[in-house]
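Here is a short report on one model. It takes the sheets, the cores and the chain contact in turn.

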Amino acid sequence: MKQVTLNIEGMTCSACSNGLEKYLNKQDGVEATVNLVMGTVLIKYDENKTNEKQIEKYIEEAGFKSLGEKDKRENRKLALVNIIIFSIIAILLMINSYGHFIPIIDMEMYPKNYVILLLIISLASLIWGLDIIKNGIKNLKNLMPNMDSLIGLGVIVNFSYSLYNAILILQGNGEISKIYFESVLMIILFVKIGRFIDKKNKERAVEAIKNLVTMTPQKATIKKDSQEIEVTLNEVKKGDIVICKPGEKVAVDGEIVKGSCHVDESFITGESKPVKKVVGSNCLAGSINYDGYIEYVAQNIGKDSSISQIANLVVEATNSKSPIAKMADKISGYFVPLIFLVSLISFLLNLLIFQNLTQSIEAMVTVLVVACPCALGIAVPLCMVVSIGKLCKEKIVVKDSEVIEALNKIDTVVFDKTGTLTKGKLEIADKKIKDEKEGLKILQSLEKNSNHPIAKSICEKMGDIYTVTNFEEVSGKGVKGIINNELFFAGNRKYIDEFKLKNSYSHLEEEYSLKKESIVYLWNEKEILGIIGLRDEIKDGVKEVIDYLYKINKKVVMLSGDNQNTANMIAKELNIKEVYSDVTPLGKVNLIKELNTMDNVVMIGDGINDSPALKTARIGISVANGTDISNDSADIIMLSQDMRKLKTLFDIGRKTEVIIKQNLFWTLFYNILMIPLASNLFPIKLNPMLASLAMVISSLTVVLNSLRLKK
Amino acid sequence: MQELKINVEQMECSGCEKRIINALKLLDEVKEVHTNLETKEVEIIFKKEEDEQIKEKILEKIDDLF
């Protein structure tokens with residue numbers, strides 16, 4: 001079996017990467033694993049059944065292109081080397097024609113030699129720029145001209161005209177002033193420089209995001225038959241017992257089966273406070289084990305690990321096109337044919353007015369080059385990539401760039417209470433139960449079967465429990481089950497009211513809820529057995545965020561499945577005026593529907609339990625979910641517990657929109673301003689060289705402006 | 001028929017569009033391929049008149065991709 005890692009061009013989303021993997025694995029003798037984030041595929045193949053050439057063909061059949069084993073960085077280096085070589089040639093030429101003190105070949109003395117030299121140089125430039133010209137002509141033939149068509153046509157016209165005059169000169173008849181070979185070089189050079197800058201910056205932003213994945217260690221130690229074996233990360237299988245010693249990094253996502261320790265999960269959550277992990281806790285690939293020896297069973301390996309899933313989401317986001325990006329593309333689409341027309345008009349007008357063919361051609365080429373909307377092409381995408389990267393750094397994962405745009409049209413922010421505004425770590429603060437020990441045991445036995453935050457907190461410190469049969473969770477109300485042949489119930493006031501039992505605990509209920517506690521009753525078919533009050537703490541920074549939201553004129557709403565008193569007390573503390581309590585999961589969905597009439601609502605809650613409501617809102621945000629990424633249906637996943645990140649999110653959203661608008665305005669204004677100057681019909685004149693320089697400046701401005709987002 | 005219009009529900013992103021175009025163009029009978037991401041429609045233009053069998057071939061090829 002041989003192994004090779006190939007770079008793949010064309011993978012932008014997980015549908016693409018899964019498709020490629022599936023297709024390759026179908027082929028005889030081929031085993032493939034695709035890495036969307038790195039843009040590579042790891043191929044293990046049987047050299048008796050297939051070879052690398054055949055594999056490259058399979059990749060083509062799947063619709064992609066193999067870039068070979070060469071690293072993307074090497075391709076970039078090559079591009080840079082070419083740019084430097086041609087820049088040096090360009091500089092020498094400029095010195096030669098304008099600085100008469102360092103003549104390399106004297107134009108006057110040896111015009112023929114000079115012409116031949118220029119011809120060779122411009123041919124070399126054409127070969128260097130062949131990809132642009134070919135692409136441009138192809139699109140022009142298909143009647144779908146693009147920017148490359150403008151450049152391609154400009155360069156070809158220039159070259160042809162110069163060639164014609166060059167031949168005349170070689171025959172002894174021509175004028176050296178009609179030679180524009182340098183322009184061919186300059187145009188291609190500046191376009192290449194412009195595109196290099198664009199690509200480099202986009203790649204840099206994506207690299208930073210990819211660095212997240214390289215946080216996982218390359219090797220791991222697994223336990224096999226009481227022996228410790230060191231293996232590579234790829235060799236760890238689901239179900240293996242992995243060992244992690246103090247100071248080491250957790251290799252794969254897993255559940256701890258032995259030992260305990262504190263870990264640093266800041267690379268995901270941004271919080272440097274160590275998190276305690278014990279038997280039964282989940283540990284994340286890439287987290288640092290500070291101080292204990294643990295053994296854990298591998299669960300999500302490789303690209304199923306949380307950190308890989310997050311990196312995948314972010315890479316997909318950088319490849320997504322938001323409405324503004326699509327609009328910019330559309331404008332570009334109309335712009336290009338228009339430019340052809342304008343350049344033709346310039347040509348004709350020049351011919352009519354000045355009756356000079358050379359000037360007319362120069363004007364036409366200058367218009368073609370200067371109006372090229374290259375900067376427009378990167379104005380939005382680069383901005384979005386930088387924005388997504390910045391959000392990623394703040395531990396905010398955005399799944400699609402259109403969400404960043406939509407954020408600016410939000411006017412209502414709906415918060416779920418438990419787990420979002422509050423820490424979700426309820427503690428039993430007060431209780432009154434007949435036969436407390438027994439009552440608690442029954443309660444915990446029931447709640448053990450539920451995933452609700454209240455249930456989890458009740459079972460926090462648990463001793464032995466009873467076996468429960470016929471367990472049932474009643475959504476929005478509570479739980480019930482049979483213990484020792486008796487039917488027991490636990491739940492909220494809404495639930496217990498259905499049973500019409502004599503309630504001698506209502507004064508306690510009132511007392512507890514005034515203390516902002518969540519109420520849980522325990523009862524059987526005959527009587528109420530007790531009541532407990534669970535207290536939840538409001539998260540840090542929440543009040544700050546709500547004040548900020550009011551400041552930027554957003555409406556703030558709180559939803560809760562909890563009782564009215566508790567909800568109101570918390571709302572009062574946070575200054576939230578619109579509160580809905582005792583809301584069922586379906587009720588949450590309906591409420592959001594009512595509020596979201598103009599696609600103006602963002603809901604913040606639990607990515608898995610609040611899924612339907614989150615999906616109903618225009619934008620759904622889930623909080624502090626670093627573990628179950630694949631089931632998280634939110635549009636934005638906040639990995640940190642710090643609610644202040646919400647402010648950061650809105651802030652960045654706003655800044656992104658501002659900078660995008662600046663970019664678009666600038667590029668369009670610039671292009672439109674330059675066209676009359678390029679047409680040679682106005683006092684200020686341009687030539688093709690200055691035009692291509694202007695293009696680079698325009699691109700550079702967009703790039704620099706977009707990078708401002710990083711601050 | 002000389003052209004064929006089909007719906008490809010799995011076509012989600014522009015990367016998928018390019019893939020479909022690249023892969024279908026490898027077939028000898030195919031002259032041009034046009035895709036519309038919003039309507040999920042793929043239009044294939046053949047070099048000459050083809051019979052119903054070509055549809056099977058195309059659908060199979062697209063199935064392979066996802």
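## An open sheet

What is the order of the strands in the open sheet of six strands in chain A? The order is E6-E5-E7-E13-E8-E11, and the pairing is antiparallel. Strands here are DSSP runs (E) of at least two residues, helices are runs (H or I) of at least four, and both are numbered from the N terminus. Two strands pair if DSSP finds at least two bridges between them. Strand E6 (227-232) and strand E11 (282-283) of chain A are the edges; each has a single partner strand, so one side of each is left without a neighbour in the sheet.

Inside this order, strand E8 (residues 253-259) and strand E13 (residues 294-300) of chain A run antiparallel and are joined by six bridges. A:Asp253 stands opposite A:Asn300 in E13(A).

## Model and confidence

This is a predicted model, in which local features need pLDDT of at least 70, side-chain atom pairs count only at pLDDT 80 or more, and totals for chains, interfaces and linings use all residues. Residues are numbered from 1 along each chain as its sequence is written, while chains are lettered from A and ligands numbered from 1 in the order in which they are written.

The scores are ipTM 0.87 and pTM 0.78. The pLDDT is the predictor's confidence in each residue, from 0 to 100. Chain B averages 85, and 100% of its residues score at least 70. Among the elements of chain B, helix H1 (residues 14-25) has the lowest mean pLDDT, 84. Strand E3 (residues 41-46) of chain B has the highest, 89.

## A covered strand

Strand E24 (residues 601-605) of chain A is mostly covered: five of its five residues are buried. Buried means 20 or more other C-beta atoms within 10 Å of the residue's own; exposed means 12 or fewer, partly exposed lies in between, and C-beta atoms are placed from the backbone. In a regular strand the side chains alternate between the two faces of the sheet. A:Val601, A:Met603 and A:Gly605 point one way from E24(A), and A:Val602 and A:Ile604 point the other way.

E24(A) has parallel partners. Four bridges join it to strand E15 (residues 412-416) of chain A, where A:Val414 stands opposite A:Met603. Four bridges also join E24(A) to strand E25 (residues 619-623) of chain A. There, A:Ile621 is the bridge partner of A:Ile604. With helix H22 (residues 611-616) of chain A, E24(A) and E25(A) make a right-handed β-α-β unit. Right-handed means that, with the strands pointing away from the viewer, the path from the first strand over the helix to the second runs clockwise.

## Nonpolar cores

A nonpolar core is a set of buried Ala, Val, Leu, Ile, Met, Phe, Trp, Tyr and Cys residues joined through C-beta atoms within 7 Å. The largest has 177 residues; A:Val414 and A:Val370 are among those that touch the most other members. Helix H12 (residues 374-393) of chain A gives the most to this core, 14 residues. Apart from it lies another core, of 26 residues, including A:Ile442 and A:Ile528.

A:Leu421 sits in helix H14 (residues 417-421) of chain A. Why does A:Leu421 count as buried? Because it has 28 C-beta neighbours inside 10 Å.

## Where the chains meet

The contact takes 15 residues from chain A and 15 residues from chain B. Contact means C-beta atoms, placed from the backbone, within 7 Å. On the side of chain A that touches chain B, helix H1 (14-26) and helix H2 (52-61) of chain A each supply at least two residues. H1(A) gives the largest share, four residues.

How values were computed
Two residues are in contact if their C-beta atoms, placed from the backbone, lie within 7 Å.
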